[in-house]
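Hi,

Here is the structure I promised to pass on to you. Please open it in your viewer, and then read my notes alongside it.

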Amino acid sequence: MSTVTIRKLNRDEIGAAAYRLATYAFSPSPPLPDRDEYMDRVTKRGGTTFFAAFEDDLPQALAGSHAMTQNVRSKIFPISGLFAVVSHPSVRRRGLARKVIDALQAEMRDSGLSFSLLYPFRESFYERLGYVPFPQPRYVKFVSSSLEPLLKQELGGHVEVALNTENQAEYIAFTRQLQSKRHGMAIFDVPPPTLPERYQLWIALAKADGKTIGAAVYSIEGSIITQFTMRIHNFYYSTPQGRFLLLEWIARHLGQASEVELWLAPDEFPETWHPDLEYSYGIVTKPPMGRVLDVAQIGGMKTGPGRFTARICDPFCPWNEGVWIFATDNGGLTVQPGGQAQCELTIQGLSALIYGVNDPAEFHFRGWGEPSMVVQKTMRDMFPRMTPYIHEKF
């Protein structure tokens, strides 16, 4: 009988394991990506941790974690971005991927991380592991000529454009400013290494009075001149002026790119920005998901007045199980073990409450708990509904 072991990978093992498993699962094949280039890129990426399941010394399942920070209700927490979860077809449906995730999450908790995020291949699989879906990011499509009237306006400020290999640092600095104000926004601790030229993108920075007030990351794609698509992967602004400067920059491409595909957070409503956009919506990715990784370490976020006690059920992260007191003190959340439980919550229910994506009245129907009407009101007072947006794609 073969022997299965699960362990953390050292730097020299990561590239080989990822090449064997991830390229087969996440890339069209054959051919496979260039082995040397792929392994060099994977091993140079900082801030990552990988665990794998080995069967007779052959890697058969893999999971990785990016070290990240995330704004959760106005406090920046150290978190894990779970990615590259994969198993070889020969061992699928044997639970190896789940066991690798369990080992990785225990390591992340021991490292002091409070939350975990991911982009799912199947939501139901990760919901069983304690994750809850966030609102759906989306894109809006419209013709660039819709914005032509902006070219006649005096907006003040200007837009500077360069490749992401040239002004990445300034863009990252701007996203970190936004993170301090945006619930759910998560950013890598260590930026990705420089990518090959075929992965380069343009970065447009909107500026006024010497400050960056907007940023758009985009590519111009297609094969017919004057009918290209301007695909904007990130579109951020800190002021209305920043947004209009970026929209005016898009309008400047109307003789070059006939169509615009603008990726947006779920709480953006471009139909209110400008008349006659002739827009249509689409889905960028599956909704991201998140979960509380360590209940004991989620204190300090901004919460409304209130106090309740809940017994938390979390079989995949057993350190979270037990009775916990959640209370607001001077506007911030405190979390302490003990007390008499007023209700039971699964970790999914607690995660949905913290991130603000589900109302407590829904928990009964999701199998996440049975808080009384009184406790539900307290939960709403402490944790009003919010719309988290991750930012990073991994």
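Below are some notes on the salt bridges and on one of the sheets.

First, the ground rules. This is a predicted model, so local features need pLDDT of at least 70 and side-chain atom pairs count only at pLDDT 80 or more, while totals for chains, interfaces and linings use all residues. Residues are numbered from 1 along each chain as its sequence is written, and side-chain values use heavy atoms, leaving out hydrogens and water.

**Salt bridges**

Searching the whole structure gives 19 salt bridges (a side-chain nitrogen of Lys or Arg within 4 Å of a carboxyl oxygen of Asp or Glu). One of them joins Arg-94 and Glu-55, with 2.9 Å from N to O. Arg-94 sits in the loop between β4 (75-87) and α3 (96-110) and Glu-55 in strand β2 (residues 48-55), so this pair ties together parts 39 residues apart in sequence. Helices (H or I, at least four residues) and strands (E, at least two) are DSSP runs, numbered from the N terminus. Glu-55 is buried at 12% relative accessible area, whereas Arg-94 is partly exposed at 42%; buried means under 20%, exposed over 50%, and partly exposed in between (1.4 Å probe, protein chains only).

Another salt bridge runs between Glu-261 and Lys-141, at 3.8 Å from N to O. It links strand β13 (residues 257-264), which holds Glu-261, to strand β7 (residues 138-143), which holds Lys-141, and the two residues are 120 apart. Glu-261 is buried, at 7%, and Lys-141 is partly exposed, at 23%. Both belong to a salt-bridge network together with Glu-221 and Arg-231.

Strands β7 and β14 run antiparallel and are joined by four bridges, and Tyr-139 has Gly-282 in β14 as its bridge partner.

Best wishes

Key:
Pairing = 2+ DSSP bridges.
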